[in-house]
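Please look at the sequence and the 3D structure below.

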Amino acid sequence: MESANIAGSSSIVAKTFTFEELTNTTRNFRDDCLLGEGGCGRVYKGQLHEQVVAIMQVDQNGNRKFLVEVLRLNLLHHPNIVNIIGYCADRDHRLLVYKYMPLGSLKDYIQDPSPSKKQLDWDTRMKIAIEVAKGLEFLHDKAQPPVIHCNINCYNILLDEGYHAKLSGFSLAKLGPIGGKHHVYIKFQGVIGYSAPEYVMTGELSVKSDIYNFGVVLLEIFTGRKAMENSTDGDEHNLVEWLRYFCSYNNSQNFNGMLIFPFSLKLSFKLVPLHLVKWWTLKNVVECLSNPPKMHVSSPPKVVHFWMI
């Protein structure tokens, strides 16, 4: 089990809960308390000491992921990283207790929107993108050693009141390279369609891998499409490849009922190859997202290239 004394964040010890406490607050994990199911287990809504919480019941084969999640989130504190309140390691039971995010995950609005969810307008999408980038910037530039998330997707971006974005899903996170090294080699554990090609093919992992991953998520935010989609003929379509065609045009396109400017497509699309540029960092991404060029809906804007290209 890897360990670290991560700098750049004050350590707040997570609380421990008994299995009985968490069973009671979820009414014995009843279906009407179920919020959803992720890669590590089911998530339930409950209330502890007058605070609404989300409780993840970790799968039996997820013991290592449970330990990683507790260690990571107990050490990493940032406004755009989900807060862990506590955990349960009572006998064979493994549960994680988080602050409840009332607006759910970004997936509920982008990939599988329901009639009860309002469609996100342009400003809200940009706000979410900027806040996710700030969370990643903290992991890469402030945490020492740096932390590579490895699993950025719409399901792992949670939304608090006011659509404030928070990164979650740290079970695959890895400590970044130290001692002058630029990458580490591990067995591939990511998701096809999101993960950087060199990580998929060779196991080479660095903070730049997260930049590629985030670029794919930006494309999802801007288009409303999934990283990998099944077509009517049964084939899978990669979002990055699909958008190569649209990025060659200077006129605006309409995706998922929302006006998307070529700038936003260019911005996110360029993150895919730019993760290979040595000096490219999440700080650059935050600057670009926070200061987009001025454009008017009345006339189709020209394609705007990054200032650093």
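## The hairpin

R42 has Q57 as its bridge partner in β4. The model is predicted: local features need pLDDT of at least 70, side-chain atom pairs count only at pLDDT 80 or more, and totals for chains, interfaces and linings use all residues. Residues are numbered from 1 along each chain as its sequence is written, and side-chain values use heavy atoms, with hydrogens and water left out.

Strand β3 covers residues 41-48, and strand β4 covers residues 51-58. The two pair in the antiparallel sense over 8 bridges. (Strands are DSSP runs of E with at least two residues, helices are runs of H or I with at least four residues, and both are numbered from the N terminus. Two strands pair if DSSP finds at least two bridges between them.) G46 stands opposite V53 in β4. β3 and β4 form a hairpin, with 2 residues between them. In the turn, H49 has a positive phi of about 50 degrees.

## Helix α4

Helix α4 spans residues 122-142, 21 residues in total. How far apart should its ends be? At 1.5 Å a residue, the helix should span 30 Å. (The expected span is 1.5 Å times one less than the number of residues.) The end C-alpha atoms are 29 Å apart, which agrees.

α4 is mostly covered, with 15 of its 21 residues buried. (Buried means under 20% relative accessible area, using a 1.4 Å probe and protein chains only.) At the start of α4, a side-chain oxygen of D121 reaches to within 3.4 Å of the backbone nitrogen of D123.

## The cavity

A search of the whole structure finds 1 cavity of 30 Å³ or more. (A cavity is a set of points on a 1 Å grid over the protein atoms alone where a 1.4 Å probe fits but cannot get out; lining residues have an atom within 4 Å of a point. Grid points are joined across faces, edges and corners, and a volume is the space filled by probe spheres set on the points.) The largest cavity has a volume of about 40 Å³.

Residues lining the largest cavity include C150, Y199 and D210. Helix α6 (residues 207-223) gives the largest share of the lining, 3 residues.

Technical notes: On a 1 Å grid over the protein atoms alone, a cavity is a set of points where a 1.4 Å probe fits but cannot get out, and a pocket is an open set with protein on both sides within 12 Å along at least five of seven lines; lining residues have an atom within 4 Å of a point. Buried means under 20% relative accessible area, exposed over 50%, partly exposed in between (1.4 Å probe, protein chains only). A polar contact is a pair of N or O atoms within 3.5 Å; within protein, one must be able to donate a hydrogen and the other to accept it, and residues adjacent in sequence count only if both atoms are side-chain atoms.
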